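Take a look at the model below. We will walk through it piece by piece.

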Amino acid sequence: MHAARSPGAPIGVYDSGVGGLSVLRHIRAQLPAEDLIYFADSGHAPYGEKTEQYVVDRALLVAAFLLERGIKALVVACNTATVAAIKAVRARYPDLPVVGVEPGLKPAAAATRSGKVGVLATARTLKGEKFLLLREQISAATQAQFLLQPCVGLVDQIELGDLDTPAIAALLEQYVAPLLDQGADTLVLGCTHYPFVKSGIERVLHAHGHPDVTLIDTGDAVARQLGRLLDAAGLLRQSGGDAASLHGYTTADVSALAPAFANLLGLHPPVEKVDV
């Protein structure tokens, strides 16, 4: 075990922006004793239109920064970064427990009745070798058909913080309606930003007469996997003693991340801007 790691050390949670807060919410609910550090690489976002090498380089820099702050585990709470970079992060830090997020194709294949699953994600996620291999494997095993829908511009709008704007409503209509027209009865929220506009997606479903479409969000499964890895490594922090802490870092302006904590999670942790 790395000398710096102990059960009392914090967990790092990393995303290109504020989307990973949807995963952080599940981690806090399932592992309430754990200290958490949230890193939003908003100064270099969105990742969805960047090259794969660019995302790998950012992920390795952020991981190094968080390790300097003593993290015992890393959650890559970003679908795009998981697809592009998690292999490189694990190779660089083989002793560090690392959990990624990936679109929930397997639970979606189990949930679908029509056999057609819509996947809402960034363009980079949908082009990634890891994602395409996963789709191929699950399609072969289940005969589910995955309808891929890149959601260009949606992350940018969610990052602005107001989730009920006409711009977001228009994008959700543009991206969700064609999947319904093709017979999808299950939709995968394939980006950690998207659970924050779940109510807007549900409005589109109702407007098109499909209120029974199943939405798949994998944040809960990520938190469970993190708990399993920490437990296996003897790194779970026992409850009791001091209250768990939360600290935010961002490569953009603090005025973006601090309101996101408040508006999306009702939290007010200290937030610092850093150059990484």
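**A cluster of rings**

Tyr14, Phe39, Phe65 and Tyr249 are linked into a cluster by ring pairs. Rings of Phe, Tyr and Trp (its six-membered ring) pair if their centres lie within 6.5 Å; planes under 30 degrees apart count as stacked, over 60 as edge-to-face and the rest as tilted. This is a predicted model, in which local features need pLDDT of at least 70 and side-chain atom pairs count only at pLDDT 80 or more, while totals for chains, interfaces and linings use all residues. Residues are numbered from 1 along each chain as its sequence is written, and side-chain values use heavy atoms, with hydrogens and water left out.

The whole structure holds four aromatic pairs. Start with Tyr14 and Phe39: their ring centres are 6.4 Å apart and their planes stand at 70°, so this pair is edge-to-face. It links distant parts of the chain, with Tyr14 in strand β1 (residues 11–15) and Phe39 in strand β2, 25 residues apart. Helices (H or I, at least four residues) and strands (E, at least two) are DSSP runs, numbered from the N terminus.

Are these two residues buried or exposed? Tyr14 has 1% relative accessibility, so it counts as buried. Phe39 has 0% and is buried as well. Buried means under 20% relative accessible area, exposed over 50%, and partly exposed in between (1.4 Å probe, protein chains only).

Next come Phe39 and Phe65. Their ring centres are 5.4 Å apart and their planes lie at 65°, so the pair is edge-to-face. Phe39 belongs to strand β2 and Phe65 to helix α2 (residues 52–68), so the pair ties together parts that are 26 residues apart in sequence.

The charged end of Arg69 sits over the ring of Phe65, 3.6 Å from its centre. The charged end of Arg69 also sits over the ring of Tyr249, 5.6 Å from its centre. For this, NZ of Lys or CZ of Arg must be within 6 Å of the ring centre and within 35 degrees of the ring normal.

**A buried glutamate**

Now find Glu34, in the loop between α1 (21–30) and β2 (36–40). Its relative accessibility is 2%, so Glu34 counts as buried. What does its side chain make a polar contact with? The partner is the side chain of Lys72, at 2.6 Å. A polar contact is a pair of N or O atoms within 3.5 Å; within protein, one must be able to donate a hydrogen and the other to accept it, and residues adjacent in sequence count only if both atoms are side-chain atoms.

**An open sheet**

Four strands form an open sheet in the order β6-β5-β7-β8, with parallel pairing. Two strands pair if DSSP finds at least two bridges between them. At the edges stand β6 (145–150) and β8 (214–216), each with a single partner strand, so one side of each has no neighbour in the sheet. On average, neighbouring strands here are turned by 25° against each other, direction ignored.

Strand β5 (residues 116–121) runs parallel to β6, joined by six bridges. Ala121 stands opposite Pro150 in β6. Helix α8 (residues 166–181) packs on the sheet and touches β5, β6 and β7 (186–189). Contact means heavy atoms within 4.5 Å.

Thr165 sits in the loop between α7 (154–159) and α8. At 19% relative accessibility, Thr165 counts as buried. A polar atom of its side chain lies 3.1 Å from the backbone nitrogen of Ile168.

Key. Axes fitted to C-alpha atoms, helices over the stretch in contact; angles between N-to-C directions.
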